[in-house]
Structures are given as C-alpha cells and as structure tokens.
Amino acid sequence: MRWSDLPHHRLSSEIAQTVAYRFPQEAHCEFQLRELTARLPELREEDHSEYVRLVSAEINRELRICRDTYRRFLATLNSKSRTAKWEVALNFAVAPRASERLQQEICAYLRDTKVKPTIVEFFLADNAGVLVPFGEPGVKTPKEPSIEDGYLFLRAQLGIPESKKAVQERIIHRRGTIR
Amino acid sequence: MSYRVKCNDISMLYDANKIWISQAGRMWDNVLYEILAQQVQIDLEERSDAIAAVEVLSRFDSTAGPLYAEVSERFTTIPDGVWADIGAKIDRAGISLAETLEPEGKKILRDLAKQKMFISTWEEALACDSDFDVLESKIVVRGHVKYRGMLARHTKRAFYRARDKYRNVLEHVYEKRALV
C-alpha cells in the first residue's frame with residue numbers, strides 16, 4: 001500500500017482529537033503558559049526557560065500521539081515487520097510534523113517575545129559574513145524582513161528536519177550553531 | 001544583504017537578545033531529541049527481535065545468517081575478499097566446516113582429503129576458485145550426468161541457507177509480535 005493511499009485525514013483528525021483532550025490536572029499548564037506568554041517581552045530568563053519547557057513538552061506530546069496513532073493504524077494493515085512500519089511512521093508522519101510544529105512554535109515564541117523581524121533575521125540567517133560598517137556607500141537597503149523569513153533563512157541554513165535521516169544529521173552537526 | 005550595524009554594536013545586540021536565541025535553540029533541541037529517542041526505540045526493538053530470532057537457530061545459522069544478510073545487501077556480486085573475511089569470522093567462532101556442510105559438500109571434502117588436500121577452514125573453502133584439478137566436475141548417477149559443483153559453491157550454499165533461515169525466523173518473530 002502506498003503512503004498517499006492511507007486515510008491521513010481520518011488519522012489527522014484522530015490525532016487532533018487526542019491532542020485536544022486534557023486531563024483536569026493538566027489545566028494549570030495551559031494557564032501557566034498563557035501567563036508566561038504575556039510576560040515574554042520582559043525577557044526574564046526563568047520565564048523563557050519555563051515557557052520553552054512547556055511548549056517543547058506540548059510538541060513532544062503531540063509527536064507521541066501522532067506516532068501511536070499511525071503505529072496503531074499500520075499494525076492492522078498486514079502482519080509484516082512492525083519495526084519497518086514504525087520506521088515508516090517516524091519518517092513520513094512524525095518527522096515532518098516535528099518540522100512543521102517547530103516552525104509554528106518558534107515563530108510564535110519570537111512574535112510573542114516581540115523580537116523585531118530584522119533582529120531575528122540578523123541572528124538566525126547566518127549573514128555575519130556580509131555585514132558592512134554603517135554608512136558604507138553602495139549598500140542596498142534590504143526588504144522588510146519578517147519572523148517567518150528569518151525562520152525560513154534558518155531552516156535553509158541549518159536544514160530543519162523533514163525526515164528522520166535529516167534529524168540525525170542535524171543533531172550531530174547543529175549543536176552549538178544556534179546558541 | 002546588509003544590516004547597517006556597527007561592529008561594536010554586535011556584542012551589545014547579542015547581550016540584549018541572547019535569552020531568546022538560546023531558548024529557541026533549546027526548543028529545537030528538545031524536539032530533535034524526541035525524534036532521536038523514537039528512532040533509538042525502533043533500533044532497540046529491532047535488536048531485540050534479532051536476538052530472539054538468533055536464540056532458536058544453530059550456531060552456524062545465527063552467525064552466518066546475519067553476516068551474509070548484511071553483506072548481500074551491500075554487493076550484487078560479493079567479491080572474493082569479502083567472502084574470505086566472512087569465512088575468517090566463522091573460523092574464529094570455532095564452527096567446523098566438515099560438520100556444517102551439506103552431504104554433497106562433505107563428500108567433496110572427503111574426496112579432496114583422499115588426494116591429500118585437506119581443507120578445514122571456511123576461509124579456504126570460500127576462497128578456492130577451482131577444485132584443484134583433482135576432482136571430477138561431472139559424475140554419472142543412474143545414467144544421468146550431474147555437475148558436482150565446486151567446494152566454494154557448496155560452502156556458499158550453506159550461507160544462503162543460513163540467511164534464509166535467519167530471515168524466516170525474523171519474519172516469524174515479527175508476525176508473533178504484530179499480534180501482541
């Protein structure tokens with residue numbers, strides 16, 4: 001069976017439903033996240049650290065739900081190797097979703113922190129090599145940047161993972177690049 | 001593209017922005033580690049499948065099966081040097097050639113021994129490209145001509161069978177686990 005023939009719409013809605021469901025004891029996390037979001041522009045390190053912890057945990061929770069949903073579905077297809085099916089779920093469902101969610105959450109984080117798009121681009125686009133002293137003649141004014149542009153620059157430079165293989169390569173080469 | 005920033009201002013800019021720079025990196029890392037953890041889980045599961053499969057196989061099948069399965073994925077035609085390396089590994093594992101070959105292979109070993117040619121290692125048996133010009137290449141059985149095949153061919157056949165047994169057992173393990 002081809003990947004494109006799977007009922008992705010049904011599976012996506014199943015994932016969304018499970019992600020949306022919360023235990024009553026998790027309610028305080030949502031509330032805490034809302035409060036932290038409001039305080040992000042104050043640039044207090046402990047707030048940012050807690051915010052990132054909560055958001056990463058949310059993304060990872062969603063990725064695990066995605067993994068389990070696809071694994072459950074693939075298990076019913078036939079009796080072939082279950083680890084091969086897990087690989088398929090990781091490569092084609094989980095890793096692309098990780099990439100997409102990272103893009104959404106990092107852009108939302110930068111926007112809520114009120115970081116100027118020019119600054120995002122300046123730090124993330126890895127353009128230090130073309131910096132010129134202020135006032136140098138002949139320098140063109142760049143087009144108005146956006147946070148999404150900055151993120152896409154970053155993605156192009158660092159190759160945000162679209163597949164598990166890219167993730168593995170990135171995890172080896174990327175550490176220290178962004179910090 | 002230029003940002004029209006003075007060089008002296010860069011460190012000041014960095015100090016003012018280092019919190020979100022490092023935290024965005026942390027978010028990225030946290031998600032990448034989750035993906036990596038999922039990959040590691042699959043690898044461990046595969047390893048445990050392989051260990052479960054190997055437990056029910058003979059020593060030769062459990063050693064030669066995975067070795068040949070791996071090599072056959074890398075080469076269309078396995079070079080002699082690689083065959084010799086595989087043979088050396090089986091020799092180091094202390095697995096007897098004479099006891100493992102199928103009857104036809106054993107007979108070739110005996111016939112060679114009668115000619116004072118003693119082949120006792122897998123490495124030699126896999127690497128020899130003739131039957132030393134002492135054995136008949138054809139024999140007649142009940143009026144039909146049969147090609148005996150060389151020692152290397154019979155030795156390699158043991159590997160093909162080991163690989164097939166290994167894969168069958170793996171499939172069986174997968175099927176059992178798929179029902180869990």
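For chain A the mean pLDDT is 78, with 69% of the residues at 70 or more. The complex as a whole was assigned an ipTM of 0.74 and a pTM of 0.62 by the predictor. The model is a predicted one, for which local features need pLDDT of at least 70 and side-chain atom pairs count only at pLDDT 80 or more, whereas totals for chains, interfaces and linings use all residues. Residues are numbered from 1 along each chain as its sequence is written, and chains are lettered from A and ligands numbered from 1 in the order in which they are written.

Secondary structure was taken from DSSP runs numbered from the N terminus, with helices (H or I) of at least four residues and strands (E) of at least two. On this basis chain A has seven helices and zero strands, its elements running α-α-α-α-α-α-α from the N terminus on. Chain B comes to seven helices and two strands, and its pattern along the sequence is α-α-α-α-α-α-β-β-α. A residue is termed buried if 20 or more other C-beta atoms lie within 10 Å of its own, exposed if 12 or fewer do, and partly exposed in between, with C-beta atoms placed from the backbone. Buried residues make up 26% of the 179 residues in chain A, and 27% of the 180 residues of chain B. Among contacts in chain A between residues at least 6 apart in sequence, 69% join residues at least 24 apart; in chain B, residues 24 or more positions apart account for 69% of the contacts with a separation of 6 or more.

Two packed helices are described by the angle between their axes and the distance between the axes. The axes used here are lines fitted to C-alpha atoms, for helices over the stretch in contact, and the angles run from 0 to 180 degrees between N-to-C directions. Angles under 35 degrees count as roughly parallel, over 145 as roughly antiparallel, 65 to 115 as roughly perpendicular and the rest as oblique. A crossing is left-handed if the near helix is turned anticlockwise from the far one by less than a right angle, and right-handed if clockwise.

In chain A, the axes of helix α2 (residues 27–39) and helix α3 (residues 45–75) come within 10 Å and cross at roughly 135 degrees, which makes α2(A) oblique to α3(A). The crossing of α2(A) past α3(A) is left-handed. On the α2(A) side the contact involves A:Cys29, A:Gln32, A:Leu33, A:Leu36, A:Thr37 and A:Arg39, which meet A:Asp47, A:Glu50, A:Tyr51 and A:Leu54 in α3(A). By class, the residues of this contact divide into five nonpolar, two polar and three charged, where Ala, Val, Leu, Ile, Met, Phe, Trp, Tyr, Cys and Pro count as nonpolar, Asp, Glu, Lys and Arg as charged, and the others, Gly among them, as polar.

A:Tyr51, in helix α3 of chain A, counts as buried because it has 22 C-beta neighbours inside 10 Å. When residues up to four places away in sequence are not counted, A:Tyr51 touches A:Leu33, A:Leu36, A:Thr37 and A:Leu40. The C-alpha atoms of A:Tyr51 and A:Leu33 are separated by 6.4 Å, although these residues are 18 apart along the chain.

Helix α3(A) also packs with helix α4 (residues 82–112) of chain A, at an angle of about 155 degrees and with the axes 9 Å apart, so α3(A) is roughly antiparallel to α4(A). The contact of α3(A) with α4(A) has 15 nonpolar, no polar and eight charged residues, and the crossing is right-handed.

In chain B, B:Val173 is placed in helix α7 (residues 151–178) and counts as buried, with 21 C-beta neighbours inside 10 Å. B:Val173 touches B:Asp49, B:Ala52 and B:Ala53, not counting residues up to four places away in sequence. B:Val173 and B:Ala52 are 121 residues apart in sequence and 7.5 Å apart in space, C-alpha to C-alpha.

Key. Contact = placed C-beta atoms within 7 Å. pLDDT = per-residue confidence, 0-100.
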